[in-house]
Amino acid sequence: MKSKYSSKLIIPAIIMILILTGCASEETGDSERQSFAEERSGFTTTLTRHENSQFAIPTPPPGVFDLVHYESEVGRLAAFVSSDPGDGERHPLIIWVAGGWGYGISTLPWSYPEWDNDQTGSAFREAGILMMYPSFRGANGNPGYFETMFGDVDDLLAARDFAAALPYVDPDRIYLGGHSTGATRVLLAAALTDEFRAVFALGAVSDIYRHNQAQFTFDLRDSQERMMRSPRYWVNDISVPTFILTGQHSNSYDVRDIERQSTNDNIHTFVVDGAGHFDVLAPITWLFAQKILADTGASVNIQVTAEALQAAMAEPPVVPLPIMLPHYNQLFEMSFLRPVIWEDTGITDAAAVVYASPYHEDNFWYASYMVAEAFGVDEKMTAAEFEEAWGFASILAHREAQSDGRTVYIWEAVSSFDDSFFEKIALFQFDSYIVLFALYTPVTYTDLAMPMFERIISSISFD
């Protein structure tokens, strides 16, 4: 007898049963699966390529960051860590892992923090939070090879142990944060330990295959290798508050995938409306920095809402001044604060010294420069006489001030030799000579550069 049900309905029904059965099997497998730490303890990765780098480590600004070496299972690895504030207190610290596949450390910690792509994590340093930038195995001449988020995750745990032992770091307030590939590393590390107080992952992927596969040093076709590097399988092992987010126009799929996998109250996922992969960094890390400063109790007290994230995105850009350190100029016997991104380019034929950045980036930190020059005079002059004698044309502002009991005249003007540059001149008068500071920035950066110029001028002192 013929069935009253059409074969056209039976076949799809069978397919659906198979799909559901497969899903049920996967869920059963998940419930029987060991923890991430247990799975890793019995697993050894096989690298398809043995790659490393010998890029030199730059010298960090003294008193701002120290170059240190922390012990990992492959040997001593380099890192930058904030210098001891010298106040006898223990401070919170965040380990920050930038994106990309560089594995190493560079001038990033003291480079210009672009508001629409601030991978430096500068918000934490600006807020007064100590920072650590670890390099990983295989990088900067470190022992080992690049392991594409396997061994480098162990390195993160070793970096945390090093930071916790520093006498000026509060071992109970060590945070972990990262962006893009750094965020994926961060999530994997969080699934291995409960030693971080809280974790911030911006732009992570849920499955390693969604990163740039050209950089992989393992066989992606090996399901176990892939699983060991994919946070989606391990988010339920995370035992500390973890905030996972990205922009709407970035890899929002990954955040939603982690959200679907998670049954973990420690996991907090967000997709920020109207944002992308990079522009979330500056405003959201500023928000997280304030949360860390307020997180002072015995237990973690960090709460983030979607509304707070959207409000942070609407905040006006914060443009920090460059890191400045005291500098002594022997030629003029004077001291002043100099941006660490500037170099002394040497003494010219006119007994002048030029301070400028060796890089040509499109921002006021790098585009500005300063000239210090001395001139002999027969007698003291007034501001009006200086203006006439030196041809200070189109003066926009002028004031007199005192420095070490000496009169200093300060002018602001569009440069007379190049109208695309704004010029600020501080002229210090002595009995028989003057010392002139001329600071230059492209006119488009005038408002941004003025606070930097003022700080330099106000710091000038003579022996």
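The side chains of His327 and Tyr355 make a polar contact at 3.1 Å (a pair of N or O atoms within 3.5 Å; within protein, one must be able to donate a hydrogen and the other to accept it, and residues adjacent in sequence count only if both atoms are side-chain atoms). This is a predicted model, in which local features need pLDDT of at least 70 and side-chain atom pairs count only at pLDDT 80 or more, while totals for chains, interfaces and linings use all residues. Residues are numbered from 1 along each chain as its sequence is written, and side-chain values use heavy atoms, without hydrogens and water.

- His327 is found in strand S9 (residues 324–329); strands (E, at least two residues) and helices (H or I, at least four) are DSSP runs, numbered from the N terminus.
- His327 counts as buried because its relative accessibility is 17% (buried means under 20% relative accessible area, with a 1.4 Å probe and protein chains only).
- Not counting residues up to four places away in sequence, His327 touches Met334, Ser335, Phe336, Arg338 and Tyr355 (heavy atoms within 4.5 Å).

**Aromatic rings**
- Ring pairs (centres within 6.5 Å, for Phe, Tyr and the six-membered ring of Trp) link Tyr355 and Phe336 into a cluster with Phe428, Phe430, Tyr433, Phe437 and Phe462.
- Tyr103 and Phe146 are both buried.

**Helix H7**
- Asp254, Val255, Asp257 and Ile258 are buried in helix H7 (residues 252–261).
- The cover over these buried residues includes helix H5 (181–190), strand S7 (242–247) and strand S8 (267–272).

Technical notes. Buried < 20%, exposed > 50% of the residue type's maximum accessible area, 1.4 Å probe, protein only. Phe/Tyr/Trp six-rings, centres within 6.5 Å; stacked < 30°, edge-to-face > 60°.
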